[in-house]
Amino acid sequence: MNATTATTRATEIVLPGVVEPAGLHVRVRDLPAPGQGQVVLRMDATGVSFAEQQMRLGKYYDQPAFPFVPGYDVVGTVVGTGPGVDRDLRGHRFAAVTKVGAWASHLIVEAADLVPVPDGVDAAAAETVVVNGVTAWQMMYRTAKVERGDTIVVLGANGGVGSTLVQLARHAGIKVIGTASARHHDAVRELGAIPVDYRDPDMYARIRELAPEGVDAVFDHVGGPGLRESWKLLRRGGALVNYGSAATKDEPGNAMLPVLKLFGQLMVWNVLPNGRRAGFYNFWAGKRFRPATFRARLAEDLTQVLALVGQGVLTPQIAARIPLPEAGAALALAESRTVLGKVVIVPEQ
């Protein structure tokens with residue numbers, strides 16, 4: 001297995017500090033040769049998730065020091081291999097979760113983090129379900145443990161994670177009530193959910209009318225004061241899964257304070273003798289102390305989700321495809337909260 005020795009010219013998007021989306025920088029540099037167990041990946045698609053929106057504000061837990069290249073996940077083609085990596089990987093398309101670094105034309109990735117993308121699956125389509133699909137799959141099956149015949153509530157059913165959750169649940173025979181703005185209600189219905197307007201001041205009352213005996217799970221990325229109302233929707237045996245705090249995204253001050261307050265509230269609810277569960281979903285749980293187990297679980301779950309895309313069970317919701325040099329516009333569009341699905345960044349034309 002011969003390693004790649006030539007350097008690769010890469011275009012990267014740099015987040016220089018706490019700036020508006022228009023403040024992102026474009027730089028071009030030579031990547032070093034891939035090291036032991038590494039590959040050079042040519043980006044075919046990356047995207048904008050809630051994590052990058054928080055990173056722009058300096059509020060994502062454990063983000064690198066500024067400046068850095070954002071980009072939580074990527075779908076790309078192997079164009080170079082380092083020592084110890086099979087050269088036959090070259091020319092094949094893979095998905096990977098990077099946390100940072102994917103907003104680039106080329107990047108270096110650990111070969112152990114690569115998950116094959118099925119033949120015939122479009123790169124942008126695959127990109128929409130890398131982090132979003134794994135998050136939805138793990139929250140449903142590993143955290144909430146929902147079953148056929150259950151009823152669940154998905155807040156933000158028009159978003160990247162939310163729209164994937166709806167489709168996975170409907171495929172599994174689960175009834176879904178999904179919140180979204182009125183403009184997205186037709187799209188949410190097409191995905192298979194019963195839409196409820198999240199701007200309705202009586203939103204939770206509307207949900208209770210649809211599920212008067214309570215629901216089996218609520219998937220809440222908003223947090224804030226509404227989290228208590230999500231908890232109240234649960235029937236005995238139900239699970240509240242919180243996976244974000246969008247309600248506190250723009251609050252000034254220490255980014256960890258709202259999270260710590262949230263954890264405290266979830267812990268209190270968990271000890272109440274009412275048979276209900278509450279938890280925070282952390283995509284990276286277990287990576288530090290059990291990296292091999294983390295990688296195996298991620299690869300297993302992402303393979304399942306990508307297979308469903310290939311079979312046509314999951315219809316990826318692509319809000320827009322925006323060229324890499326215009327990543328600032330992609331970030332601004334994602335933050336506008338006006339789109340259905342995920343904003344995807346593609347190579348420069």
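Arg-337 is found in the loop between α10 (327–335) and β15 (342–346), where helices (H or I, at least four residues) and strands (E, at least two) are DSSP runs numbered from the N terminus. Although Arg-337 is not a glycine, it has a positive phi of about 60°, and with a relative accessible area of 57% it is exposed; here exposed means over 50% relative accessible area, buried under 20% and partly exposed in between (1.4 Å probe, protein chains only). This is a predicted model, in which local features need pLDDT of at least 70 and side-chain atom pairs count only at pLDDT 80 or more, whereas totals for chains, interfaces and linings use all residues. Residues are numbered from 1 along each chain as its sequence is written, and side-chain values use heavy atoms, with hydrogens and water left out.

**Other backbone features in loops**

- Lys-99, which sits in the loop between β5 (93–97) and β6 (106–110), also has a positive phi, of about 75°, although it is not a glycine.
- The peptide bond that runs from Phe-66 to Pro-67 is cis, with omega near -10°, and Pro-67 belongs to the loop between α1 and β4 (73–81).

**Helix α4 and its surroundings**

- Helix α4 (residues 160–171) has 12 residues and reaches 17 Å from its first C-alpha to its last, close to the 16 Å expected at 1.5 Å a residue, the expected span being 1.5 Å times one less than the number of residues.
- Of the 12 residues of α4, 10 are buried, so the helix is largely enclosed by the rest of the structure; among them are Gly-160, Val-161, Leu-165 and Gln-167.
- The buried residues of α4 pack against α3, β8 (151–154), β9 (175–180), α5 (185–191), β11 (215–220) and α9 (291–310), a contact being defined as heavy atoms within 4.5 Å.
- Just after α4, Gly-173 takes a positive phi of about 80°.

- Thr-135 lies in helix α3 (residues 131–144) and counts as buried at 6% relative accessibility; leaving aside residues up to four places away in sequence, Thr-135 touches Val-161, Tyr-243, Tyr-281 and Phe-283.
- Phe-50 lies in helix α1 (residues 50–56) and is partly exposed, with a relative accessible area of 27%; Phe-50 and Val-19 are 31 residues apart in sequence and 16 Å apart in space, C-alpha to C-alpha.

**The chain as a whole**

- The protein chain contains 10 helices and 15 strands, and its radius of gyration is 20 Å, close to the 20 Å that the globule rule gives for 349 residues, so the chain is as compact as a globular protein of that length; the radius is taken over C-alpha atoms, and the rule is 2.2 Å times the number of residues to the power 0.38.
- The C-alpha atoms of the protein chain fill a box of roughly 65 × 40 × 40 Å along the principal axes, and buried residues make up 53% of the 349 residues.
- Among contacts between residues at least 6 apart in sequence, 67% join residues at least 24 apart.
- The chain exposes about 15400 Å², of which carbon and sulfur atoms supply 52%; accessible areas come from the Shrake-Rupley method with a 1.4 Å probe, and for residues only the protein chains shown count as cover.
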